[in-house]
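Me: I have a model open and would like to talk it through with you, a few residues at a time. Could you look at it with me?

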Amino acid sequence: MKSKVRSMQRGAAKRDCGPRDTTSDYQNIDPVLRDTDRLHLGVNDKELEAMLDRLGPKIQVYAKSGFRKPSDVVRLLNKESIGTARGSAWTPRLGWFLLKMHYQRKTDRSSLRLNEQKAREKGRASESRQPAPILTMDEVQRRLAALKAHWGSPVE
């Protein structure tokens, strides 16, 4: 009886808490771009755009091959000896920012293209909605004569 009491005192038989949460505490928090990270990605926007232009096709090939996580992408970039803007090796943190900027830029470009396309369609629609010009009797006679000449028979 003593062993049963001891285990109950330690809380072995007591189920007052659920299973332990194994999810990360940082799962819904995006990292913040620090100045040191910015040095690796390019000091100014022009350098960053150049890097994204250079690495964009590689990232797309990796994604099509199934490598979409930052750790996988940086592992492949480092394996191919493709360094950061400073020439150092990629880290998963830098890879996260690289992928974020790449896909954010891609969606920005596609939304810009979509807006331009909508504007063009709207312009075409407004052009087609213009009322037809009013025909004078001389214009009607001229068009009838052209039809008669084309078809070779009188048009009534």
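Me: Let's start with His 40. Where does it lie?

Reply: His 40 lies in helix 2, which spans residues 35-41. Please keep in mind throughout that this is a predicted model.

Me: Is His 40 buried or exposed?

Reply: His 40 counts as buried, because its relative accessibility is 18% and the cut-off for buried is under 20%.

Me: What does the side chain of His 40 make a polar contact with?

Reply: The side chain of His 40 is joined to that of Thr 84 by a polar contact of 3.4 Å. Leaving aside neighbours within four places in sequence, His 40 is also in contact with Met 51, Ala 85, Arg 86, Ser 88 and Leu 94.

Me: Now the core. Which residues touch the most other members of the largest nonpolar core?

Reply: That core has 18 residues, and those touching the most other members are Leu 41, Met 51, Leu 55, Leu 77, Trp 90 and Leu 98. The elements that give two or more residues to this core are helix 3 (45-64), helix 4 and helix 5, and the largest share, six residues, comes from helix 3.

Me: What does Trp 90 touch?

Reply: Not counting residues up to four places away in sequence, Trp 90 touches a list of residues that includes Leu 41, Met 51, Leu 55, Leu 77 and Leu 98. Val 74, Asn 78, Ile 82, Gly 83, Thr 84 and Gly 95 are also among the residues that Trp 90 touches.

Me: What about Ala 89, where is that found?

Reply: Ala 89 is found in the loop between helix 4 and helix 5. Ala 89 and Leu 77 are 12 residues apart in sequence, and their C-alpha atoms are 8.4 Å apart in space.

Me: Which residue has a phi near 60°?

Reply: That is Ser 81, whose phi is near 60°, a positive value in a residue other than glycine. Ser 81 is found in the loop between helix 4 and helix 5, and Ser 81 counts as exposed because its relative accessibility is 68%, the cut-off for exposed being over 50%.

Me: Changing topic to aromatics: how many aromatic pairs does the count come to?

Reply: The count comes to one aromatic pair. Trp 96 and Phe 97 form this pair, which is edge-to-face, with 5.3 Å centre to centre and 85° between the planes.

Me: One more residue, Arg 105. Where is it found, and what does its side chain make a polar contact with?

Reply: Arg 105 is found in helix 5 (residues 92-128), and its side chain makes a polar contact with the side chain of Glu 49 at 2.7 Å. Leaving aside neighbours within four places in sequence, Arg 105 is in contact with Glu 49, Leu 52 and Asp 53. Arg 105 is buried, with a relative accessible area of 13%.

Me: Last one: how much of the chain counts as buried?

Reply: Of the 156 residues of the chain, 17% count as buried. The accessible surface of the chain comes to about 12,900 Å², of which 54% belongs to carbon and sulfur atoms. As for contacts between residues at least 6 apart in sequence, 61% join residues at least 24 apart.

Terms used
Residues numbered from 1 in each chain as written. Predicted model: local features only at pLDDT ≥ 70, side-chain atom pairs only at ≥ 80, totals over all residues. Heavy atoms only, no water. Helix = DSSP H or I, 4+ residues; strand = E, 2+ residues; numbered from the N terminus. Buried < 20%, exposed > 50% of the residue type's maximum accessible area, 1.4 Å probe, protein only. Polar contact = N/O pair within 3.5 Å; in protein donor to acceptor, adjacent residues only side chain to side chain. Contact = heavy atoms within 4.5 Å. Phe/Tyr/Trp six-rings, centres within 6.5 Å; stacked < 30°, edge-to-face > 60°. Core = buried A, V, L, I, M, F, W, Y, C linked by side-chain atoms within 4.5 Å. Areas by Shrake-Rupley, 256 points an atom, 1.4 Å probe, with all protein chains shown as cover.
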